[in-house]
Amino acid sequence: MKPNIVAIIEARMSSKRLYGKVLKKINNKEVLKIIIQRLCFSKLINKIVVATSTDKADDKIISFLKKNNFFFYRGSLNNLLQRVLRTGEKHKADIIVRITADNPLTDPKIVDYMLKHFLRNKKIDYLTNNNFGISRKIALGLDVNVFTLKSLKKINKLTK
């Protein structure tokens, strides 16, 4: 059976460095819309969902998403693990592709390359292209994380 692959874009208005950056426009298009449209070119992602918070400030994101008929989930502002977990559960994800909403250059080819590797290697629970401080091979803003919902549930249990 083919796994349900859900891209979850983490988005909130309350950025410390640039408030509301996910709805700022580049060439008259919101950053969040650019990311969603780019992810639509993935050949392996089944659904794209924006995970935002129940914070009143994020009502603007919800209005934008509803206007554009995009999927979303609202959860905790401060507990990102719970927000992503609940989003994955609600949308019945087997595999989650985690993207942050401040990376308008998200590359669907990189996403698909990583997903193919992840799917071929059944022993992998988590895959990232971020070298965590070791000399990077890709530009900032192209980070992708891939993991199973099952592994996220295990992590959640360990944090309690």
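A: A charge sits over a ring if NZ of Lys or CZ of Arg is within 6 Å of the ring centre and within 35 degrees of the ring normal. The structure considered here is a predicted model.

Q: Which residue lies over the face of Phe71?
A: Lys47 does, at 4.5 Å from the ring centre of Phe71.

Q: How many helices and strands does the protein have, and in what order do the elements run?
A: There are 5 helices and 8 strands. Starting at the N terminus, their order is β-β-β-α-β-α-β-α-β-α-β-β-α.

Q: What does the radius of gyration say about the protein?
A: The value is 15 Å, close to the 15 Å given by the globule rule for 160 residues, so the protein is as compact as a globular protein of that length. Along the principal axes, the C-alpha atoms fill a box of roughly 40 × 35 × 35 Å. Of the 160 residues, 45% count as buried.

Q: How is a pair of aromatic rings described, and how many aromatic pairs are found here?
A: A pair of aromatic rings is described by the distance of the centres and the angle of the planes. A search of the whole structure finds 2 such pairs. In one of them, the ring centres of Phe64 and Phe70 are 6.2 Å apart and the planes stand at 50°, so this pair is tilted. Phe64 is buried, at a relative accessible area of 9%.

Q: Why is the pair of Tyr126 and Phe147 called stacked?
A: The planes of Tyr126 and Phe147 are at 20°, with the ring centres 6.1 Å apart; planes under 30 degrees apart count as stacked.

Q: Which parts does the pair of Tyr126 and Phe147 tie together?
A: Tyr126 lies in strand β7 (residues 126-128) and Phe147 in strand β8 (residues 145-148), so the pair joins parts that are 21 residues apart in sequence. Tyr126 is partly exposed, with a relative accessible area of 43%, whereas Phe147 is buried, with 7%.

Q: Which residues have the most contacts inside the largest nonpolar core?
A: They are Ile9, Leu32, Leu39, Val97 and Val146, in a core of 29 residues. Among the elements that give two or more residues to this core are β1 (5-10), β4 (47-53) and α4 (108-120). Helix α1 supplies the largest share, 5 residues.

Q: What does Ile9 touch, leaving aside residues up to four places away in sequence?
A: The residues touched by Ile9 include Leu32, Leu39, Val50 and Ile99. There is also a second, separate core of 11 residues, which includes Ile8, Val84, Leu85 and Leu149.

Notes: Residues are numbered from 1 along each chain as its sequence is written. This is a predicted model: local features need pLDDT of at least 70, side-chain atom pairs count only at pLDDT 80 or more; totals for chains, interfaces and linings use all residues. Side-chain values use heavy atoms; hydrogens and water are left out. Rings of Phe, Tyr and Trp (its six-membered ring) pair if their centres lie within 6.5 Å; planes under 30 degrees apart count as stacked, over 60 as edge-to-face and the rest as tilted. Buried means under 20% relative accessible area, exposed over 50%, partly exposed in between (1.4 Å probe, protein chains only). Helices (H or I, at least four residues) and strands (E, at least two) are DSSP runs, numbered from the N terminus. The radius of gyration is taken over C-alpha atoms; the globule rule is 2.2 Å times the number of residues to the power 0.38. A nonpolar core is a set of buried Ala, Val, Leu, Ile, Met, Phe, Trp, Tyr and Cys residues joined through side-chain atoms within 4.5 Å. Contact means heavy atoms within 4.5 Å.
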